[in-house]
Amino acid sequence: MLMHLPIVIFASLPLTPIADNVPKFDIARECRSEGGSQAVLDKCAADEADARAQPQPQWNQFSAADKTVCIQNTSTDGTPSYVELLTCLEMARDVKKSSK
């Protein structure tokens, strides 16, 4: 009987992974996939760096479900983007605010 106790304990744990920090994306790879001149690449890198810094102070205020969904959505094409992640998180937050 006690032999099955660990199975019961693990089965009761939540399955959703919770990201404690803003994920680390390869900004250079994302910008190279966009293409363009060196000026375009530099602007892309600056935009991505700005977008990465914005959710950092409020990361714990976003729900685990929203973070998981947004990270998955922005990573589907293999070149995740902080701009897309930030947009997704802001939209999820705004939808919750407007539904109240």
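**Disulfides in the predicted model**

Modeller: The link of Cys-70 and Cys-88 is left-handed, with -75° about the S-S bond. Cys-70 lies in helix α4 (residues 64–75) and Cys-88 in helix α5 (residues 82–98), so the pair ties together parts that are 18 residues apart in sequence; helices here are DSSP runs of H or I with at least four residues, numbered from the N terminus.

Colleague: What should I know about the model and the numbering first?

Modeller: This is a predicted model, in which local features need pLDDT of at least 70 and side-chain atom pairs count only at pLDDT 80 or more, while totals for chains, interfaces and linings use all residues. Residues are numbered from 1 along each chain as its sequence is written, and side-chain values use heavy atoms, with hydrogens and water left out.

Colleague: OK, how many disulfides does the structure hold?

Modeller: There are 2 disulfides, a disulfide being a pair of cysteine sulfur atoms within 2.5 Å. Cys-70 is joined to Cys-88 with S to S 2.0 Å, and Cys-31 is joined to Cys-44 with S to S 2.1 Å.

Colleague: And which parts does the link of Cys-31 and Cys-44 tie together?

Modeller: Cys-31 sits in helix α2 (residues 27–34) and Cys-44 in helix α3 (residues 38–53), so this pair connects parts that are 13 residues apart in sequence. The link is left-handed, with -85° about the S-S bond.

Colleague: Switching topic, is Cys-31 buried or exposed?

Modeller: Cys-31 is buried at 4% relative accessibility, where buried means under 20% relative accessible area, exposed over 50% and partly exposed in between, using a 1.4 Å probe and protein chains only. Cys-44 also counts as buried, at 14%, and Cys-70 is buried at 2%.

Key:
Helices (H or I, at least four residues) and strands (E, at least two) are DSSP runs, numbered from the N terminus.
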